[in-house]
Amino acid sequence: MVVTDNGKKKRNERHSHDETKSTDDTVTNCPTCSTGFVQFTPSWQSILCDNCQSWYHPTCASLSDEQFSNLQLSDAKWFCHNCCLIPDFQQAQPLTASWGALKGQEIEVELLKAYSDIVGWRPNMFKLPKGTSGRALVSEIDRLANAWVNKSDLEQVAILAIHTIGALLLQNPGKRSTAKENKVALTRRLDLWKKGSFSELLSEAREIQKRLRKSGPSKESISRGFSRLMFNGRVGSAMRLVGKAQSEPLEVTPELIAALESKHPPDGPLNRTHLLSSGPAPAFEHVIFDAIGGSDIKKAAKSTRGGCGPSGMTDDLWSRMLCSRAFAREGDNLSNTLARVTRRLCTELIDPSTISSLVSCRLIGLNKNPGVRPIGVGEILRRIVGRTVTQFLKSDIINAAGPLQLAAGQEGGCEAAIHAMNSYWENDECEGILCADASNAFNILNRKTALVNVRFLCPVFSIFLINIYRLPSKLFL
């Protein structure tokens with residue numbers, strides 16, 4: 001660190017004005033304000049970043065007079081705002097591919113048009129059929145995932161296409177449609193998909209959605225079914241029942257929107273005092289993630305259960321594609337490709353526009369009586385990938401979380417907490433227990449600060465988290 005103040009150049013100790021006079025008239029620009037000044041003139045007051053070797057005005061570096069004065073006397077290194085923040089990503093290459101009759105940006109426009117429509121649809125996909133048509137769909141998803149991994153000319157829209165294909169091609173034409181009829185429909189739709197006839201597929205699926213019954217199961221029947229399943233120990237089935245009921249389109253009111261918006265405030269400015277370190281983050285060897293394979297993806301898919309995200313692609317669909325014997329070879333290929341997707345998310349800083357649909361969530365407002373609790377239901381694919389990463393980095397996450405984080409840092413930590421609270425409560429000296437709950441704590445967390453700090457707390461996990469949480473997710477009611 002080099003600090004100058006009124007013509008004095010100071011490196012870890014004070015120097016007199018005469019000792020630091022310079023004849024160098026080089027004009028230096030502050031990267032923040034782009035103002036030029038001549039080094040070591042009486043009016044020059046600035047600080048040098050030890051990493052990028054750029055000079056900053058103290059005010060442009062968000063340093064108070066007191067902080068600047070302390071740095072003049074300090075032996076510590078100082079790093080600028082850019083060097084200690086979230087590293088930037090390389091933009092994906094422009095979309096220049098052809099897809100049937102569509103070319104370049106026409107592909108993205110048509111896919112976005114379809115995706116923005118399907119995120120509001122009711123669940124109505126038929127079971128992925130065995131045979132040629134089912135294998136062809138799995139192979140098409142594998143092709144798209146490969147296009148993203150290999151940074152091909154379809155990288156910009158590959159993940160978006162994966163989260164659009166299910167709703168367009170598996171739309172159930174009617175309750176009485178047979179498996180044979182579904183195979184025929186899927187074969188015909190796949191042909192249209194490969195020709196880029198997204199508008200024709202969208203028109204057909206829209207018409208089917210219009211004819212779906214508006215009424216669904218009553219709250220009473222859902223409650224009875226949920227209770228019955230829970231008492232029988234079928235927790236997964238109970239959660240799927242609730243997830244299916246909650247996937248019904250909600251009546252959006254201005255009051256609901258206002259309440260949900262208040263739960264998702266914009267990020268505040270990053271405060272340097274909250275950072276664990278102000279220097280470059282520790283490096284790690286990316287080669288460790290080469291151990292993630294298709295078997296890890298399959299294992300995660302088998303244990304991933306719950307409501308589906310905006311695309312409507314369910315846990316059963318992903319588990320069937322990846323693990324069913326009916327799609328053995330195609331499922332293996334897709335699993336291996338998704339392992340490569342996972343490895344890239346863990347080792348490269350990704351253009352967030354290419355994975356926007358992967359990190360999008362379906363937003364559900366639960367009545368807290370009083371108030372609203374926002375619940376974000378993410379895509380199944382995102383949860384499969386996330387589960388694979390957390391299982392692979394389990395020991396690193398436990399070490400980073402520490403013993404106070406019961407959900408990650410302690411084996412059986414939540415159960416231990418329950419037993420501990422019971423023992424306190426049963427103690428004769430206990431008069432009561434105070435439960436402190438921070439209001440909307442997760443959503444008011446400063447995103448930038450958390451992502452910068454995780455680079456020091458758990459470096460091997462940081463690139464994946466930055467890719468997933470760099471920007472706020474799109475939320476669909």
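A residue is called buried when its relative accessible area is under 20%, and exposed when that value is over 50%. In these terms, helix 19, which spans residues 459–469, is mostly covered, with 10 of its 11 residues buried. The structure examined here is a predicted model.

The protein has 477 residues, of which 43% are buried. Its secondary structure consists of 19 helices and 11 strands. When contacts between residues at least 6 apart in sequence are considered, 72% of them join residues at least 24 apart. The protein exposes about 26000 Å², and 52% of this area is supplied by carbon and sulfur atoms.

In helix 19, the buried residues are P459, V460, F461, S462, I463, F464, L465, I466, N467 and I468. They pack against several other helices, namely helix 12 (328–347), helix 13 (356–359), helix 14 (380–392), helix 15 (394–401) and helix 18 (447–457).

In soluble globular proteins, nonpolar side chains tend to be buried together. In the present model, the largest nonpolar core contains 86 residues, and the members that touch the most others are L168, W193 and W318. The greatest contribution to this core comes from helix 4 (residues 155–169), which provides 10 residues. Another core, of 11 residues, lies apart from it and includes I47, Y56, W78 and C80. For L168, neighbours within four places in sequence were set aside; the residues then found in contact with L168 are A114, I118, W121, R189, W193, L201, L202 and A205.

W193 also belongs to an aromatic cluster, together with W99 and F198. Over the whole structure, 7 aromatic pairs were found. One of them joins F284 and F289 in an edge-to-face arrangement, with 6.2 Å from centre to centre and 80 degrees between the planes. The pair counts as edge-to-face because the angle between its planes is over 60 degrees. F284 has a relative accessible area of 17% and is therefore buried, since the cut-off is under 20%. F289 also counts as buried, as its relative accessibility is 0%.

On the surface, M421, Y424, W425 and I433 form a nonpolar patch, and their accessible area together is about 460 Å². W425 is located in helix 16, which covers residues 413–426. With a relative accessible area of 54%, W425 is classed as exposed because this value is over 50%.

Definitions and conventions:
Residues numbered from 1 in each chain as written. Predicted model: local features only at pLDDT ≥ 70, side-chain atom pairs only at ≥ 80, totals over all residues. Heavy atoms only, no water. Core = buried A, V, L, I, M, F, W, Y, C linked by side-chain atoms within 4.5 Å. Buried < 20%, exposed > 50% of the residue type's maximum accessible area, 1.4 Å probe, protein only. Helix = DSSP H or I, 4+ residues; strand = E, 2+ residues; numbered from the N terminus. Contact = heavy atoms within 4.5 Å. Patch = residues over 30% accessible without salt bridge, like charges linked within 9 Å, V, L, I, M, F, W, Y side chains within 5 Å. Areas by Shrake-Rupley, 256 points an atom, 1.4 Å probe, with all protein chains shown as cover. Salt bridge = Lys/Arg side-chain N within 4 Å of Asp/Glu carboxyl O. Phe/Tyr/Trp six-rings, centres within 6.5 Å; stacked < 30°, edge-to-face > 60°.
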